[in-house]
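Open the model in your viewer and keep the selection panel at hand.

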Amino acid sequence: QVQLVESGGGLVQPGGSLRLSCAASGGSLSSYTMSWYSQAPGKERAMVARIFSGGGNTKYADSVKGRFTISRDNAKNTVYLEMNSLKPEDTAVYFCNAEQWAPPYSSSWGQGTQVTVSS
């Protein structure tokens with residue numbers, strides 16, 4: 001499996017912006033479907049954004065549509081999550097996930113980065 005390390009989290013004011021990064025080692029992310037998940041205190045981990053390995057199609061949770069953008073830089077082997085117009089309810093630990101949806105199949109997770117939106 002690839003190893004993933006998230007960074008870029010922090011404390012921001014409501015309405016602010018943040019960019020999360022997910023750096024990979026041990027494999028090329030170009031062959032993986034990449035996703036960002038969030039896990040708020042006391043809540044289940046939920047998918048926030050996804051970018052597919054093929055044509056680069058994306059998918060977003062309804063709660064973040066129009067505010068968050070997922071992208072990848074294959075040359076840097078890094079995936080990003082641009083977070084704009086942040087709301088207190090966005091507060092969570094954000095995890096990066098890499099999946100292969102074809103043989104040999106795999107799923108890898110980073111350790112997460114904390115995002116806190118508060119005044």
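A residue is called buried under 20% relative accessible area, exposed over 50%, and partly exposed in between (1.4 Å probe, protein chains only). This is a predicted model, in which local features need pLDDT of at least 70 and side-chain atom pairs count only at pLDDT 80 or more, while totals for chains, interfaces and linings use all residues. Residues are numbered from 1 along each chain as its sequence is written, and side-chain values use heavy atoms, with hydrogens and water left out.

Select D62 first. D62 is exposed, at 65% relative accessible area. Its side chain meets that of K65 in a salt bridge (2.9 Å, N to O); the term means a side-chain nitrogen of Lys or Arg within 4 Å of a carboxyl oxygen of Asp or Glu. By this rule there are three salt bridges.

Next, select E82 and R19, another such pair, with closest N and O atoms 3.9 Å apart. E82 is in strand β8 and R19 in strand β3, so the bridge ties together parts 63 residues apart in sequence. Strands are DSSP runs (E, at least two residues), numbered from the N terminus. E82 is partly exposed at 30%, and R19 is partly exposed at 44%.

Now select R67 and D90. Are they buried or exposed? R67 is buried, with a relative accessible area of 10%, and D90 is buried at 6%. Their side chains form a salt bridge (2.8 Å, N to O).

Finish with M34. Leaving aside neighbours within four places in sequence, its contacts (heavy atoms within 4.5 Å) include L4, C22, L29 and I70.

How values were computed. Helices (H or I, at least four residues) and strands (E, at least two) are DSSP runs, numbered from the N terminus.
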